[in-house]
Amino acid sequence: MGDLELIFDGALARIRFNAPARRNALNRASWRALSEACAAIAARAEALTVVVEGAGGHFSAGADIAEFETVYRDAAATRDYVDAMQAAFGALAALDRPTIAAIEGSAIGGGLAVALSCDLRFAADDSHLAAPPAKLGLVYGPIETSRLVALIGPARAKDLLFSGRRVAPAEALAIGLVDRVVPAAALKASVEDYAAALVGLSQRSIRGAKRIVDALAAGLALDSAALRAAVEDAALGEDFREGRAAFVAKRPPRFAFRGATKPLA
């Protein structure tokens with residue numbers, strides 16, 4: 001996949017940006033590869049959690065400016081490039097497995113947008129984040145802007161987009177831009193420990209929770225038939241039967257559900 005690596009390690013799927021010489025700046029091929037990686041993960045039943053990371057000490061410095069003259073050369077090229085970016089963000093957000101961005105070094109522009117498309121963001125205490133399209137004359141796309149607003153609210157989103165300023169980890173945590181800040185040396189272990197802890201839990205519960213949270217955040221009505229069905233299906237499913245049996249027998253549960261789930265309409 002060029003500058004993007006997809007690594008399967010047991011129940012963990014790892015998406016790694018691997019262009020350290022340019023701080024993992026993402027080119028058009030990278031955006032397409034990210035969509036392909038998400039499709040490969042979705043098709044792999046044993047991949048239960050996803051970590052997105054960068055090689056060489058940086059998450060991603062964003063879209064690769066070196067190819068801007070090509071990808072933005074005319075209206076057709078611009079639409080093709082923007083569509084590839086939006087498809088990548090959408091594919092990552094749509095995965096039904098928990099996705100965790102492991103942020104070290106820079107998470108800038110398109111790199112921050114990738115992190116925003118994940119469920120959770122763990123940041124090293126020496127990292128920095130920014131959304132600087134105003135420094136280039138560009139506009140953040142609809143998917144990444146909507147995720148930014150959902151996380152930190154309209155006013156703070158406008159502040160970051162208007163100013164393009166860098167956000168330190170402490171502020172990012174305080175405003176909800178990231179979910180955890182850990183010492184840089186402990187970032188990898190913290191992310192992997194969290195991901196490993198999810199493996200022994202019910203994947204039906206985790207995936208159901210992700211779908212319901214995302215649906216409610218998108219404005220789905222509380223009395224929606226799809227929401228009711230998600231709850232009822234889980235109550236009638238094999239994982240709940242196993243969970244009850246394990247509780248009565250005072251043993252660890254052995255949850256078996258590995259089915260794919262779809263976004264709730």
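Colleague: Leaving aside its neighbours within four places in sequence, which residues is Gln 86 in contact with?

Modeller: This is a predicted model, in which local features need pLDDT of at least 70 and side-chain atom pairs count only at pLDDT 80 or more, while totals for chains, interfaces and linings use all residues. Residues are numbered from 1 along each chain as its sequence is written, and side-chain values use heavy atoms, with hydrogens and water left out. Gln 86 lies in helix α3, residues 75–94, where a helix is a DSSP run of H or I with at least four residues and a strand a run of E with at least two, both numbered from the N terminus. Taking contact as heavy atoms within 4.5 Å, and leaving aside neighbours within four places in sequence, the partners of Gln 86 are Gly 141, Pro 142, Ile 143 and Glu 144.

Colleague: Is Ser 60 buried or exposed?

Modeller: Ser 60 lies in the loop between β3 and α2 (68–71), and the backbone oxygen of Asn 24 lies 2.8 Å from a polar atom of its side chain. Buried means under 20% relative accessible area, exposed over 50% and partly exposed in between, with a 1.4 Å probe and protein chains only. Because its relative accessible area is 0%, Ser 60 counts as buried.

Colleague: What is the order of the strands in the open sheet?

Modeller: Two strands pair if DSSP finds at least two bridges between them, and strand β3 (residues 49–54) is joined by 3 bridges to strand β4 (residues 99–103), the two running parallel. Within that pair, Val 52 stands opposite Ala 101 in β4. The sheet has 6 strands with mixed pairing, and their order is β1-β2-β3-β4-β6-β8.

Colleague: How are α9 and α10 oriented to each other, roughly parallel or roughly antiparallel?

Modeller: Axes are lines fitted to C-alpha atoms, for helices over the stretch in contact, and angles run from 0 to 180 degrees between N-to-C directions. The axes of helix α9 (residues 203–217) and helix α10 (residues 225–235) come within 11 Å and cross at roughly 170°. Angles under 35 degrees count as roughly parallel, over 145 as roughly antiparallel, 65 to 115 as roughly perpendicular and the rest as oblique. The two helices α9 and α10 are therefore roughly antiparallel.

Definitions and conventions. Polar contact = N/O pair within 3.5 Å; in protein donor to acceptor, adjacent residues only side chain to side chain.
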